[in-house]
Structure formats: C-alpha cells, structure tokens
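Here are my notes on the model you sent over. Have the viewer open while you go through them.

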Amino acid sequence: MAFLDVTDETFDEEVLASEVPVLAHFTAPWCHPCKTVEARLVELESAAAGRVRLVRLDIDADLGVPSRYGVLTIPTVIVFADGEPHERIVGLQPRRRYQAVLDRHLA
C-alpha cells in the first residue's frame, strides 16, 4: 500500500483511530534524507503484510500535528498504537533501527 498522505484535518481519523500500529513519517518535499527513510519504511510495511500502516505528513503544508507532537527535525518517524505515540526516531537511521522499533509493536 505504501504511504497514505495525511493532513492536520485527517490525522486523528487515519492515525489515532487506526486498529493497527501506524508509522507516521513527518517529512517535506525538499528533504533528501526523508526519501531514504520512506524507502526503508515501505520495505518494512511490505514484510509486515498488513499489520502496520504508513502515513506521511508534509510539515510545510500542515503545522498543527507536528507542533502537537513536538516534531522539530525531519525526518522524524513516530510510532502510534492505540491512539498514542509510543516511540520516535529522529534523523536518518539504519534500516535495522526502524525494524527493531516496528518489531516491538508487532510482537
């Protein structure tokens, strides 16, 4: 499925109300490391076979949600489960870091 683009208006419905864990990627079109993070997350989602959801929020277009969750740097990925933020990965990290975080929420 890859990424679902969300906005300040759709975030609560698409992320907080999700029945599966959500990897929320805070990004911007000009952010080159963000594109690498996206590729890594898509790989993880494929391997998770529907047990996780990927969303992407453009921090240039929507400022409310990033402000609410204290996103000051991109790329930032926050794992949401049961309507709450659980873990945060800031900056470009090795694939295994994203895998370890996802594994904890799928166990």
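**Notes on the aromatic cluster and the overall fold**

1. Phe 11, Tyr 69 and Phe 80 form one aromatic cluster. Rings of Phe, Tyr and Trp (its six-membered ring) pair here if their centres lie within 6.5 Å; planes under 30 degrees apart count as stacked, over 60 as edge-to-face and the rest as tilted. Searching the whole structure turns up 3 aromatic pairs.

2. Start with Phe 11 and Phe 80: their ring centres are 5.4 Å apart and the planes sit at 75°, so this pair is edge-to-face. Phe 11 belongs to helix 1 (residues 11–16) and Phe 80 to strand 4 (residues 76–81), so the pair ties together parts 69 residues apart in sequence. Helices (H or I, at least four residues) and strands (E, at least two) are DSSP runs, numbered from the N terminus.

3. Now Tyr 69 and Phe 80. With centres 5.1 Å apart and planes at 85°, the pair is edge-to-face. Tyr 69 sits in the loop between helix 3 (64–68) and strand 4, while Phe 80 is in strand 4, so the pair links parts 11 residues apart in sequence.

4. Are these residues buried or exposed? Both Phe 11 and Phe 80 are buried, with Phe 80 at 1% relative accessibility. Tyr 69, at 13%, counts as buried too. The cut-offs are under 20% relative accessible area for buried, over 50% for exposed and partly exposed in between (1.4 Å probe, protein chains only).

5. A word on provenance: this is a predicted model, where local features need pLDDT of at least 70, side-chain atom pairs count only at pLDDT 80 or more, and totals for chains, interfaces and linings use all residues. Residues are numbered from 1 along each chain as its sequence is written, and side-chain values use heavy atoms, leaving out hydrogens and water.

6. Zooming out, the protein chain has 4 helices and 5 strands, running β-α-β-α-β-α-β-β-α from the N terminus on. For 107 residues a compact globule would have a radius of gyration near 13 Å, and the 12 Å of the protein chain agrees with that. That radius is taken over C-alpha atoms, and the globule rule is 2.2 Å times the number of residues to the power 0.38. The C-alpha trace spans about 30 × 30 × 25 Å along its principal axes.

7. Buried residues make up 46% of the 107 residues. Of the contacts (heavy atoms within 4.5 Å) with a separation of 6 or more, 66% come from residues 24 or more positions apart.
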